Amino acid sequence: MRLTERDLAILRHVQRYRVTTQETLLKVFYDATRQSIEAPKSTLKRLRAAGYLASDALYASGNETYHYLTAAGAKVLGVPPEVAGPYDAQRLFIQYGRLL
């Protein structure tokens, strides 16, 4: 898969904050006034299919997901695999708090 500049920027964003959400990506990387939540959803789907990102339930209810870097995503960025997730509940909420 050929990564776009936006793809790489999103991977770097996830590396920095360790987690992200579709809503955050819409606000940071897309024109939220002109684009729907489908834009980051499509990007996340491609990055997950390529193995660079993975996702899990943000809350026990499973209504919202968070996305995190995989070892393959870390390798593409040239960073240690220790930055990859997933995270236990305590660490997840610390990282999620940093994102907000």
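Helices (H or I, at least four residues) and strands (E, at least two) are DSSP runs, numbered from the N terminus. This is a predicted model: local features need pLDDT of at least 70, side-chain atom pairs count only at pLDDT 80 or more, and totals for chains, interfaces and linings use all residues. Residues are numbered from 1 along each chain as its sequence is written, and side-chain values use heavy atoms, with hydrogens and water left out.

**Figure 1. Overall fold of the protein, with the pattern α-α-α-β-β-α-α along the sequence.**
The protein has 5 helices and 2 strands. Its radius of gyration (taken over C-alpha atoms) is 13 Å, close to the 13 Å that the globule rule (2.2 Å times the number of residues to the power 0.38) gives for 100 residues, so the protein is as compact as a globular protein of that length. Along the principal axes, the C-alpha atoms fill a box of roughly 35 × 30 × 20 Å. Of the 100 residues, 41% count as buried. Buried means under 20% relative accessible area, exposed over 50%, and partly exposed in between (1.4 Å probe, protein chains only). Contact means heavy atoms within 4.5 Å. Among contacts between residues at least 6 apart in sequence, 47% join residues at least 24 apart.

**Figure 2. The largest nonpolar core, with 18 residues.**
A nonpolar core is a set of buried Ala, Val, Leu, Ile, Met, Phe, Trp, Tyr and Cys residues joined through side-chain atoms within 4.5 Å. I10, L11, Y30, L47, L53 and L69 have the most contacts inside this core. At least two of its residues come from each of α1 (5–17), α2 (22–29), α3 (38–49) and α4 (71–77). Another core, of 10 residues, lies apart from it; Y17, L58, Y96 and L99 are among its members. What does I10 touch, not counting residues up to four places away in sequence? The list is L25, F29, Y30, T43 and L47.

**Figure 3. Helix α1 and its buried side.**
α1 has 13 residues. D7, I10, L11, H13, V14 and Y17 are buried here. They cover an arc of only 155 degrees around the axis, which puts them on the same side of α1. The arc is that of the directions from the helix axis to the C-beta atoms. An α-helix has 3.6 residues a turn, so residues three or four places apart point the same way. Exposed E5 and R16 sit on the face of α1 turned away from its buried side. The buried residues of α1 pack against α2, α3, β1 (53–57), β2 (65–69), α4 and α5 (89–99).

**Figure 4. R18, in the loop between α1 and α2.**
R18 follows α1. Its phi is near 75 degrees, a positive value in a residue other than glycine.

**Figure 5. Helix α2 and T24.**
Q22, T24, L25, L26 and F29 are the buried residues of α2. Their cover includes α1, α3, β2 and α5. Is T24 buried or exposed? T24 is buried, at a relative accessible area of 14%. Leaving out residues up to four places away in sequence, T24 touches H13 and L99.

**Figure 6. The antiparallel strands β1 and β2.**
The two strands are joined by 5 bridges. Strands pair if DSSP finds at least two bridges between them. A54 has Y68 in β2 as its bridge partner. In β2, 4 of the 5 residues are buried, so this strand is largely enclosed by the rest of the structure.

**Figure 7. The cis peptide bond between G85 and P86.**
Omega is about 5 degrees at this bond. P86 lies in the loop between α4 and α5. Leaving aside neighbours within four places in sequence, P86 is in contact with Y66 and Y68. The C-alpha atoms of P86 and R34 are separated by 32 Å, and the two residues are 52 apart along the chain.

**Figure 8. Helix α5 and its buried residues.**
L92, Q95, Y96 and L99 are buried in α5. Seen down the axis, the buried residues of α5 fall within an arc of 105 degrees, so they line one face of the helix. α1, α2, β1 and β2 are included in what covers them.

Note on methods:
The expected span of a helix is 1.5 Å times one less than its number of residues.
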